[in-house]
Amino acid sequence: MTKVISIFNQKGGVGKTTTNVNLCAALALKGKKVLSIDIDPQGNSSSGFGLDKNNLELTIYDILIEDTDINKVIHKTDIENLDLIPANIQLAGAEIELTNTKYREKTLRESINLLDDTYDFIIIDCPPSLGLLSLNALTASDTVLIPIQCEYYSLEGVGQLIDTVKLVRKNLNPKLEIEGVLLNMFDGRTNLSIQVVEEVKKYFKDKVYRTVIPRSVRLAEAPSFGQPIMLYDDKSKGSEAYVKLAEELIKNN
Ligand code: ADP
Ligand code: MG
């Protein structure tokens with residue numbers, strides 16, 4: 001059975017892309033077959049895996065707008081078992097173009113159904129918005145993984161996020177559930193980080209992962225080398241944390 005997970009939070013800069021790249025890599029290194037789908041026009045996951053996002057023949061855009069066969073858009077990565085459907089800035093127009101499409105929220109779901117390969121996990125990196133791209137991701141998913149940054153106002157916007165999940169559940173995808181809530185950029189030396197953890201646990205209870213991702217320069221550096229953290233610095237705290245998160249996620253599934 002394939003599990004489809006959207007990494008979703010309409011706030012930018014909370015660690016969606018960092019989590020997508022490094023969680024997918026950690027799962028694949030554990031022998032799971034993984035497809036990562038970048039559905040953010042910024043294409044940061046695509047470059048995070050080392051692809052030259054401005055030189056791609058086919059991207060998620062072609063699946064959503066041109067009706068291209070999803071199997072033709074699959075790119076290999078440097079990690080065995082880990083495939084990628086990339087995105088780039090061309091996708092920015094898709095939000096508007098999709099508006100005129102029939103079944104516009106279901107396009108990605110229908111394409112995923114046509115995949116030739118069987119994956120253990122399909123993980124979708126969402127854009128920081130609640131538009132049609134995110135709706136396509138949520139409609140295609142079994143669950144959502146919500147990264148939250150340990151900062152002031154961390155829960156700001158979370159109500160709206162949950163409302164969106166409920167709306168999708170009601171109208172488009174009744175089975176959609178929360179996979180887990182991930183605390184990112186944790187700094188154990190600050191009271192603020194510790195307070196945020198408490199607050200988020202109060203709100204999401206046992207949905208919060210035990211694994212917390214530390215603030216780490218190595219995690220921020222890795223994308224500029226086009227590498228997941230396990231390839232860039234597998235001894236770093238960030239790498240260890242994402243391996244632990246992958247273990248936790250596998251255990252829950
Ligand atoms: P999003 O996809 O939600 O917009 P990103 O994953 O792109 O967020 O992260 C935003 C910025 O923060 C990026 O520059 C990224 O490298 C950095 N970042 C994310 N997580 C961490 C972390 N745990 N430690 C240090 N920097 C991080
Ligand atoms: Mg991102």
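Tutor: Let's start with Leu-114, which sits in the loop between helix H5 (107–112) and strand E5 (121–125). Bear in mind that this is a predicted model. Leu-114 has 10 other C-beta atoms within 10 Å, and because the cut-off for exposed is 12 or fewer, this leucine counts as exposed. In sequence Leu-114 is 113 residues away from Met-1, yet their C-alpha atoms are 15 Å apart in space.

For the complex, the predictor gives an ipTM of 0.99 and a pTM of 0.97.

Tyr-153 lies in the loop between strand E6 (143–149) and helix H7 (158–171). Tyr-153 is exposed, since 10 other C-beta atoms lie within 10 Å. Its phi is positive, about 60 degrees, although it is not a glycine. Asn-81 is also a non-glycine with a positive phi, of about 75 degrees. You'll find Asn-81 in the loop between strand E3 (75–76) and strand E4 (82–85). With 18 other C-beta atoms within 10 Å, Asn-81 comes out as partly exposed. Those phi values are worth a glance because most residues other than glycine have a negative phi.

Now for the covered parts. Ser-45 belongs to helix H2 (residues 44–48). Ser-45 has 30 C-beta neighbours inside 10 Å, and because 20 or more is the cut-off, it counts as buried. Leaving out residues up to four places away in sequence, Ser-45 touches Thr-17, Asn-20, Val-21, Ser-36, Asp-38, Asp-40 and Asp-125. Pro-128 is 83 residues from Ser-45 along the chain, with 13 Å between their C-alpha atoms. Helix H6 (residues 132–140) is mostly covered too, with nine of its nine residues buried. Those buried residues include several leucines, among them Leu-132, Leu-133 and Leu-135, along with Ser-134, Asn-136 and Thr-139.

On to the nonpolar side of things. The largest nonpolar core has 72 residues, and Ala-26 and Ile-60 touch the most other members. H1 provides the largest share of this core, eight residues. Setting aside neighbours within four places in sequence, Ile-60 is in contact with Ile-37, Asp-38, Ile-39, Val-73, Ile-85, Pro-86, Ala-87 and Leu-91. Asp-38 turns up in that list, and Ser-45 touches Asp-38 as well.

H1 comes back at the ligand. Ligand 1 is surrounded by 17 residues, the closest being Gly-15, Lys-16, Thr-17, Thr-18 and Ala-220. Thr-17 is also one of the residues that Ser-45 touches. Helix H1 (16–29) and helix H9 (217–221) each supply at least two residues of the shell, and H1 gives the largest share, three residues. By type, the shell divides into seven nonpolar, eight polar and two charged residues.

Last, the record: an unreviewed UniProt entry carries the annotation "domain: AAA" over residues 2–178. In the model, this span is 33% helix and 17% strand, and its end C-alpha atoms lie 16 Å apart.

How values were computed
Residues are numbered from 1 along each chain as its sequence is written. Chains are lettered from A and ligands numbered from 1 in the order in which they are written. This is a predicted model: local features need pLDDT of at least 70, side-chain atom pairs count only at pLDDT 80 or more; totals for chains, interfaces and linings use all residues. A residue is near a molecule or strand if its C-beta atom, placed from the backbone, lies within 6 Å of it. Helices (H or I, at least four residues) and strands (E, at least two) are DSSP runs, numbered from the N terminus. Ala, Val, Leu, Ile, Met, Phe, Trp, Tyr, Cys and Pro count as nonpolar, Asp, Glu, Lys and Arg as charged, and the others, Gly among them, as polar. UniProt positions are given in the numbering used here, feature names are shortened, and annotations may be inferred rather than shown by experiment. A nonpolar core is a set of buried Ala, Val, Leu, Ile, Met, Phe, Trp, Tyr and Cys residues joined through C-beta atoms within 7 Å. Two residues are in contact if their C-beta atoms, placed from the backbone, lie within 7 Å.
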